[in-house]
Amino acid sequence: MKTTMPQIAGRRADLFVGGDWRKPAAGRYFASYDPSAGAPWYEAADGDADDVDAAVGAAAAAMQDPAWRDITQTRRGDLIRRLAELIDENQESLAQLETRDNGKIIGETRAQMNYLPQYFTYFAGLADKIHGEVLPINKTGMLNFTLREPLGVVGIIAPWNSPLSILAAALAPCLAAGNAVVAKPSEHTSASTLALAELCMQAGFPAGVFNVVTGYGESAGRALARHPGIAKLAFTGGTDTGREVAAHAAANLVPCSLELGGKSPHVIFDDADPARAVNGVVAGVFAAAGQTCVAGSRCFVHARVYDDIVAQVAARARAVRIGHPADDATQLGPLALRAQREKVERYVQHGLDEGAKLAAGGGRPGIEGDGWYFQPTVFSDARNDMKIARDEIFGPVVCMIRFSDEADLIAQANDSVYGLAAGVWTRDIDRALRFARAVEAGTVWVNTYRSASFVSPAGGFKASGYGKHNGVEAMREFTRIKSVVIDHSGRDHDAFVIQLK
Ligand code: NAD
């Protein structure tokens, strides 16, 4: 069955609470913009604390509903598999929705929507493979086993750059583990998450298992992060916001996972295959117009090949086809937000003020209309201590930094508050492994970049956050362990002494 959500254009979208569409308590809506036109294209409900409270209540009720609480783990997997099938059937509509909502090129949103069904299918398969253990407790006549239980109501707060893929990274393991969810998409990209709510309903999830409260971060997001009914927060977004979300989790004594920003080192040694390495740099920083958390935005190049690699990266940047994101031929679409383009422009000026040189780009391309486009930009003669190399720009800007010594390179690569991802291009396996061990990053790519899999645990170190998505690790993050100890010996014990034997 195809979703009707693409008709969201020109309409008002409501909240999804307790298995039904519902108007926001305060009756307010806000405009969501199409970045390729710089104009509003639908209105989303401006959810507030009352709406969050209703959604958390609906999710808590679902956790007590026998239809969800007592479902077998295998049947839970079946529901998630059904959701995967529905996503598969609606791939094209979902891709169109995201491209319109955040300006990401259609080739990339299609690839992401094509991958999502596999993502959910993987976790559907894990749903009945997560279990406790029987432990060899050191007491005669006693049995100790553990249960892996769902946590309860999980709040998932997502950013705008890959709305459904990032939501899915938390949602798939979270549902497979038997939790109920209140999702808060970015105020800039509500459409595809609302479409997913409709698909969850079609898949047959009991009412309240998946709820969506759209709205602003300071209102809906903060209300969700603070809500005492939340058992865990899964947050993806900026580092400053993550700090605040973690503080709310701490106040409520609940766990949280944080997928935050990055400033990833991408290294080219002089023995690397230059064509593949240059392609990796281009893919690593210009894909999604640089609006990816793992963007390889600090590119360290060995002095012996520096000039040649910079020239090649700059030539590739100049050849990038910039255009409407829904056009199949486009390689680089607009930035998702007007404010994001202004931020990128300020950073380009910082770079020039600090003495870096523009090898390519640096301004707005001559594209007709009011879309928020920006050229792929290459800074040569950048240094790791420059502001453009320290801050996450979140745009199509790469800093090309020269190095000549491996130990110094490692020190520079690690001289960042972030630790999300890293890449290295070399034909020397010893060097690749030395780098992989030494670099402070949650994911290290060797002779590839931005390669992701639902099997491979990913997540940042340092100011890039904590917690893992993907793989069995992600499932575990959405469960808690209960230890059950049974005495079947028939013995009596001293009532006043702890039983250590
Ligand atoms: P953001 O932090 O501004 O917003 C993220 C989400 O948090 C949005 O839904 C927003 O409404 C909400 N929010 C904002 N203020 C809040 C508050 N006070 N309390 C609770 N929620 C609040 O980030 P963004 O601009 O949407 O996304 C870009 C950032 O996300 C970048 O820094 C990027 O690196 C990061 N990101 C990280 C990953 C990762 O996996 N590590 C992936 C994608 C994006």
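**Figure 1. Polar contact between Thr74 and Asp128 in a predicted model.** The side chains of Thr74 and Asp128 make a polar contact at 2.9 Å (a polar contact is a pair of N or O atoms within 3.5 Å; within protein, one must be able to donate a hydrogen and the other to accept it, and residues adjacent in sequence count only if both atoms are side-chain atoms). The two residues are 54 residues apart along the chain, and their C-alpha atoms are separated by 5.2 Å. Thr74 belongs to helix 3, residues 73-89 (helices are DSSP runs of H or I with at least four residues, strands are runs of E with at least two, and both are numbered from the N terminus). With a relative accessible area of 44%, Thr74 is partly exposed (buried means under 20% relative accessible area, exposed over 50%, partly exposed in between, with a 1.4 Å probe and protein chains only). Residues are numbered from 1 along each chain as its sequence is written, and side-chain values use heavy atoms, with hydrogens and water left out. Because this is a predicted model, local features need pLDDT of at least 70 and side-chain atom pairs count only at pLDDT 80 or more, whereas totals for chains, interfaces and linings use all residues.

Figure 2. Thr239 lies in helix 9, which spans residues 239-251. Its relative accessibility is 11%, so Thr239 counts as buried. The Thr239 side chain reaches two backbone atoms: the nitrogen of Gly261 at 3.4 Å and the oxygen of Ala463 at 3.1 Å. Leaving out residues up to four places away in sequence, Thr239 touches Leu260, Gly261, Tyr418 and Ala463 (contact means heavy atoms within 4.5 Å).

**Figure 3. Residues around the ligand.** The ligand is surrounded by 27 residues (a residue is near a molecule or strand if one of its heavy atoms lies within 4 Å of it). The closest are Ala158, Lys184, Glu187, Thr241 and Glu392. A polar side-chain atom of Glu187 lies 2.6 Å from a ligand oxygen atom. Backbone atoms also take part: an N or O atom of Gly237 is 3.3 Å from an oxygen atom of the ligand, and an N or O atom of Leu260 is 2.7 Å from a nitrogen atom of the ligand.

**Figure 4. Ser186 and its contacts.** Ser186 sits in the loop between strand 9 and helix 7 (191-203). The relative accessible area of Ser186 is 4%, so this residue is buried. Apart from neighbours within four places in sequence, Ser186 is in contact with Ala158, Pro159 and Trp160.

**Figure 5. Packing of helix 8.** In helix 8 (residues 217-226), the buried residues are Ala220, Gly221, Ala223, Leu224 and Ala225. These buried residues pack against helix 1 (49-64), strand 8, strand 9 (180-184), strand 11 (232-236) and helix 9. An α-helix has 3.6 residues a turn, so residues three or four places apart point the same way.

Figure 6. Strand 14 (residues 298-302) and strand 17 (residues 397-403) run parallel and are joined by five bridges. Arg298 stands opposite Cys399 in strand 17.

**Figure 7. Two non-glycine residues with positive phi.** Phe394 has a phi of about 60° although it is not a glycine. Phe394 is in the loop between helix 13 (387-390) and strand 17, and it counts as buried at 15% relative accessibility. For Asn447, also a residue other than glycine, phi is near 55°. Asn447 is in the loop between strand 20 and strand 21 (461-462); with a relative accessible area of 24%, Asn447 is partly exposed.

**Figure 8. Confidence along the protein chain.** The chain averages a pLDDT of 96, and 99% of the residues score at least 70 (pLDDT is the predictor's confidence in each residue, from 0 to 100). Confidence is lowest in helix 16 (residues 471-477), with a mean of 94, and highest in strand 8 (residues 153-157), at 99.

Definitions and conventions:
Two strands pair if DSSP finds at least two bridges between them.
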